[in-house]
Amino acid sequence: AGSRHLLHMSFANYAAGAIMMPYGKFLGAAERYRWSIDRLCAEFGANVEQVAHRFTTLGRQGAKGIPFFMLRIDPAGNVSKRYAGERFPFSRFGGTCPRWNLHAAFQAAGQVVTQLIETPDGHRYFTVARTIERPIKTELSGGLLAIGLGCSIEHAHKLHCAEGIDLERAPVTPVGPACALCPRLDCAYRATPPAGAKLAVHEFRKTISPYPFVG
């Protein structure tokens, strides 16, 4: 019963977003404003999270938007929302890669943090992160969450927040899914060994990763 109610809530939230931001009208405005979240918030009376979520639902045949992916995290890195784009390698469990500037948004509250990232399959994405206010606050929880949006690098030239960035020459940060699934060998941020990999620990040699393994 609990799962059914959760699914019902998800459909209700989707319906609310579709009513507030009708597909054709929203897609037209998004393209006109070059996917500026702030301008779309003002146009449709929505908040940042609602607009970011709506970005991920524009896959109608013949009228597709940019295939965004989206995450929502708390300051500890716990993921409370995941919406996948075309091919971004989300982990179903665990947090996100610490190399991704999604976490840096908490040190720049209210500002837009952009980053070019590359996943282990060699694909590159343009990402945007910014903080939002937690909708329900308690004495034990902080007031901020962070939203991360991203799209394939081939779409980045369409975005308002990518203006002025040299997409061909800008630094690219290698990232991965959760550490337990990431195949990257030389990563100083690795928190756990990759599942199923053979460790290659040497007693008299220090390595960049605390969990060296056989690739």
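**Strands 1 and 2.** I looked up L71 and found that it stands opposite R82 in strand 2. The model I am reading is a predicted one. Strand 1 covers residues 69-73, and I note that it pairs with strand 2 in the antiparallel sense over 4 bridges.

I find 6 strands in an open sheet, ordered 2-1-5-4-3-6, with mixed pairing. Which strands are the edge strands? They are strand 2 (79-83) and strand 6 (172-174), and each pairs on one side only. From one strand to the next, the twist averages 25°.

**Largest pocket.** I then turned to the pockets. The largest pocket has a volume of about 650 Å³. I counted 26 residues in its lining, and the closest to its centre are N13, E49, Q50, H53 and K81. Two or more lining residues come from each of helix 1 (2-20), helix 4 (48-55), strand 2 and strand 4 (124-133). Helix 1 supplies the largest share, 10 residues. By type, I list the lining of the largest pocket as 13 nonpolar, 7 polar and 6 charged residues.

**Second largest pocket.** The second largest pocket holds about 190 Å³ of space. Which of its 15 lining residues are the closest to its centre? I wrote down W35, S36, I37, V128 and C161. Helix 3 (37-44), strand 4 and strand 5 (144-152) each give two or more residues to this lining. Strand 4 gives the most, with 3 residues. I list the lining of the second largest pocket as 10 nonpolar, 3 polar and 2 charged residues.

Key:
Residues are numbered from 1 along each chain as its sequence is written. This is a predicted model: local features need pLDDT of at least 70, side-chain atom pairs count only at pLDDT 80 or more; totals for chains, interfaces and linings use all residues. Side-chain values use heavy atoms; hydrogens and water are left out. Two strands pair if DSSP finds at least two bridges between them. Axes are lines fitted to C-alpha atoms, for helices over the stretch in contact, and angles run from 0 to 180 degrees between N-to-C directions. On a 1 Å grid over the protein atoms alone, a cavity is a set of points where a 1.4 Å probe fits but cannot get out, and a pocket is an open set with protein on both sides within 12 Å along at least five of seven lines; lining residues have an atom within 4 Å of a point. Grid points are joined across faces, edges and corners, and a volume is the space filled by probe spheres set on the points. Ala, Val, Leu, Ile, Met, Phe, Trp, Tyr, Cys and Pro count as nonpolar, Asp, Glu, Lys and Arg as charged, and the others, Gly among them, as polar.
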